[in-house]
Amino acid sequence: MGYFYGVFIRDLDVTSLIRALPVMPVERENMHITITYIGDDRPSQGVDDRVGVSIGSMPCFRAKLGQLILLPSVLRPKVLAVEIINNKQLSKLRSIIVSILRDSGISMNDKYSGEFKPHITIAYIKSKKVNPQNILETTREMGIEKELLDKSLLIENVSLILARGNNYREISRHKLQC
């Protein structure tokens, strides 16, 4: 998969909530919000240090969870995700990181670079035979969406992450001002 800057989400446990759905839950230690995808080439230590210095002056903030969504689209979903609705600070983080990467001559392979939809992928859709609307309706009937809606998560650091298959490894961590 490659390198990306993101925020690991450690205090969201939805596996037990979605176990009855026709989906494959994301492992808890892999849950994250992607800030920007870079690609297969790791940024240099100098570039990563500049990212850390620049975002290190930003205050910690809370990101509010919204409704469950299907991505990349309702018609052809691959994942079940929780949208992040308090995304001004996430957008600011993204803008700072993207600017540093571009100024450093790093070409990013982020196919969603023009459109930032912060979310946490919680499961992969197992089968194309399942009606995606049924998944959303079932989550509502089971109270899963209500359980997540309006919760907030403390965002206190951003990590450079290497993703290889189902293995997500933190390369570096940059703390915000808390």
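Guide: What follows takes the labels one by one and sets them against their cut-offs.

Guide: This is a predicted model, where local features need pLDDT of at least 70, side-chain atom pairs count only at pLDDT 80 or more, and totals for chains, interfaces and linings use all residues. Residues are numbered from 1 along each chain as its sequence is written, and side-chain values use heavy atoms, with hydrogens and water left out.

Visitor: What makes α2 roughly antiparallel to α3?

Guide: Helix α2 (residues 45-55) and helix α3 (residues 88-103) pack at about 150°, with axes 10 Å apart. Angles under 35 degrees count as roughly parallel, over 145 as roughly antiparallel, 65 to 115 as roughly perpendicular and the rest as oblique, so α2 and α3 get the roughly antiparallel label. The axes are lines fitted to C-alpha atoms, for helices over the stretch in contact, with angles from 0 to 180 degrees between N-to-C directions. Helices here are DSSP runs of H or I with at least four residues, and strands are runs of E with at least two, numbered from the N terminus.

Visitor: Which residues of α2 and α3 meet?

Guide: V47, R50, V51, S54 and I55 in α2 meet L93, I96, I97, I100 and L101 in α3, where contact means heavy atoms within 4.5 Å.

Visitor: How do you know that C60 and C178 form a disulfide?

Guide: Their S to S distance is 1.6 Å, and a disulfide is a pair of cysteine sulfur atoms within 2.5 Å, so the pair qualifies. The structure holds one disulfide.

Visitor: Why is the disulfide called left-handed?

Guide: The torsion about the S-S bond of C60 and C178 is about -70°, hence left-handed. C60 sits in the loop between α2 and β4, and C178 in the segment after β9 (167-175), so the bond ties together parts 118 residues apart in sequence.

Visitor: What makes β8 and β9 a pair?

Guide: Strand β8 (residues 157-164) and β9 share eight bridges in the antiparallel sense, and two strands pair if DSSP finds at least two bridges between them. One of the bridges sets R164 against N167 in β9.

Visitor: Why do β3 and β9 count as edges?

Guide: The open sheet runs β3-β1-β8-β9, with antiparallel pairing. β3 (32-39) and β9 each have a single partner strand, so one side of each is left without a neighbour in the sheet.

Visitor: How many bridges join β2 and β6?

Guide: β2 and strand β6 (residues 119-125) pair over three bridges, again in the antiparallel sense. P25 stands opposite A123 in β6.
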